[in-house]
Amino acid sequence: MDGVHDLGGMQGFGPVERERDEPVFHAAWEAGVLAMQRAGRGRGCFNIDEFRHGIERMNPGHYLRATYYEKWLDGIARLFVEKGVVSADDLAARTAFFGEHPEAPATAAVRGPLPPRVPFNPALVENVVRETGARPRYAPGDPVVTRSFHPHGHTRLPRYARGKRGVVFRYHGVHVFPDANAHGQGEQPQPLYSVRFDAAELWGESAEANQRVHIDLWESYLLPGSRRDG
Amino acid sequence: MGKNHPNVDPYVVSRVRALESLLLEKGILAPDAVDRVVQRYESDTGPMIGARAVARAWTDAGYRHLLLEDARAALGAFGLDYAMLMVVENTPAVHNLVVCTLCSCYPWPVLGLPPTWYKMPAYRSRAVSEPRKLLSEMGLEVAESRELRVWDSSAEMRYMVLPRRPAGTEGLGEDDLVPLITRDALIGVAEVAPAAAARR
């Protein structure tokens with residue numbers, strides 16, 4: 001989707017602000033969000049592509065104001081509710097409870113003994129390469145053109161790189177396709193490539209000199225280019 | 001905490017605790033999961049493995065070749081099995097820079113959790129469209145004679161930069177080199193400073 005998350009080439013955000021001696025976590029709750037995201041993925045509640053799309057569906061104004069872990073919280077809360085793991089009413093009621101009891105630990109609201117845990121599968125968190133036997137259509141050095149589209153769903157072809165000419169730099173193997181996997185359509189693995197673009201192709205007259213961008217793109221994002229273009 | 005971390009709405013903290021309590025009840029969240037995350041990322045991981053791999057590559061040509069051609073095999077030397085990493089080498093002709101414009105993808109197993117600036121719109125928006133200007137503002141001048149090669153981490157592949165070994169470090173061994181190698185150099189927003197400057 002052409003959301004606010006797709007930031008490449010946007011202007012107006014000012015200089016990069018670096019924090020001196022930045023801590024790993026700025027507050028204890030941030031680690032809680034990270035732990036819940038990991039648990040949700042490793043226990044099969046949602047996959048990485050659904051998670052990313054969950055964040056992309058945030059209110060755009062909120063997205064820009066929110067800190068990183070607030071974005072994550074928004075994304076995982078949306079998914080745990082959509083997937084039926086927790087109910088929106090329970091989440092609202094518990095949130096109100098902790099608003100009234102700001103010092104209470106999470107366990108203060110837990111009812112009854114804890115159930116046995118769903119098994120954690122690390123493969124669900126880490127592995128996206130699939131040995132399907134699919135043969136790559138393109139080889140390093142081949143000219144390609146990226147497709148031009150504006151899907152309402154999830155995609156990893158950034159807006160700034162659509163309809164652009166590039167050259168295949170490297171073949172990465174067959175990877176789970178996020179545009180399908182984010183929408184309950186299965187993994188539909190495809191060949192993935194590193195594609196090299198000249199900055200002038202991406203940014204026209206505004207491009208800096210002697211610059212390239214390499215983007216990892218799935219085969220269905222690409223059309224054959226011509227040698228002359230490449 | 002600076003502009004990137006204004007005081008967070010108490011509602012956020014309440015909502016986190018609420019979700020934790022519900023996921024504990026459902027058997028999704030382990031009671032010690034949050035403590036383990038803190039332990040793992042505050043104590044056990046950081047840019048250390050990335051820095052060690054670079055220091056070894058600088059002192060061992062065979063290892064350098066392996067790191068660039070098969071990072072998974074090379075990182076096995078440090079007890080890490082990380083299949084998704086590509087290491088890209090800075091040379092007199094090329095400077096590499098890593099970003100994720102669509103979210104904040106970053107090679108956690110070798111660099112730890114990303115700094116806040118890496119995840120904020122200013123860096124993500126500008127790294128692909130005006131990287132030389134951005135780097136100059138961040139204190140790194142990259143000559144126009146060098147190709148500026150930006151890696152936008154749009155899939156599950158992750159990128160780490162193999163920086164150039166600075167002058168004045170010829171006599172140093174692997175262990176002495178490690179502390180010179182900063183996280184920022186492994187992202188590509190800095191070079192590794194010469195040993196004398198790093199000691200100051």
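**A strand and its neighbours**

Modeller: Seven bridges join strand β3 (residues 190-198) of chain A to β4(A), and the two strands run antiparallel; strands here are DSSP runs of E with at least two residues, helices are runs of H or I with at least four residues, and both are numbered from the N terminus, while two strands count as paired if DSSP finds at least two bridges between them. This is a predicted model, in which local features need pLDDT of at least 70 and side-chain atom pairs count only at pLDDT 80 or more, whereas totals for chains, interfaces and linings use all residues. Residues are numbered from 1 along each chain as its sequence is written, and chains are lettered from A and ligands numbered from 1 in the order in which they are written.

In general, the strands of a sheet pair through backbone hydrogen bonds, either parallel or antiparallel.

The strand β4 (residues 211-218) of chain A is largely enclosed by the rest of the structure, because eight of its eight residues are buried, a residue being buried if 20 or more other C-beta atoms lie within 10 Å of its own, exposed if 12 or fewer do, and partly exposed in between, with C-beta atoms placed from the backbone. Both faces of the strand are covered, with A:Gln211, A:Val213, A:Ile215 and A:Leu217 buried on one side and A:Arg212, A:His214, A:Asp216 and A:Trp218 buried on the other. For chain A as a whole, buried residues make up 40% of its 230 residues.

Stepping back to the sheet, it is open and has seven strands in the order β5(A)-β1(A)-β2(A)-β3(A)-β4(A)-β3(B)-β2(B), with mixed pairing. Its edge strands, each pairing on one side only, are β5 (222-224) of chain A and β2 (94-99) of chain B. On the chain B side, β2(B) and β3(B) pair in the parallel sense over six bridges, and B:Val98 has B:Trp151 of β3(B) as its bridge partner.
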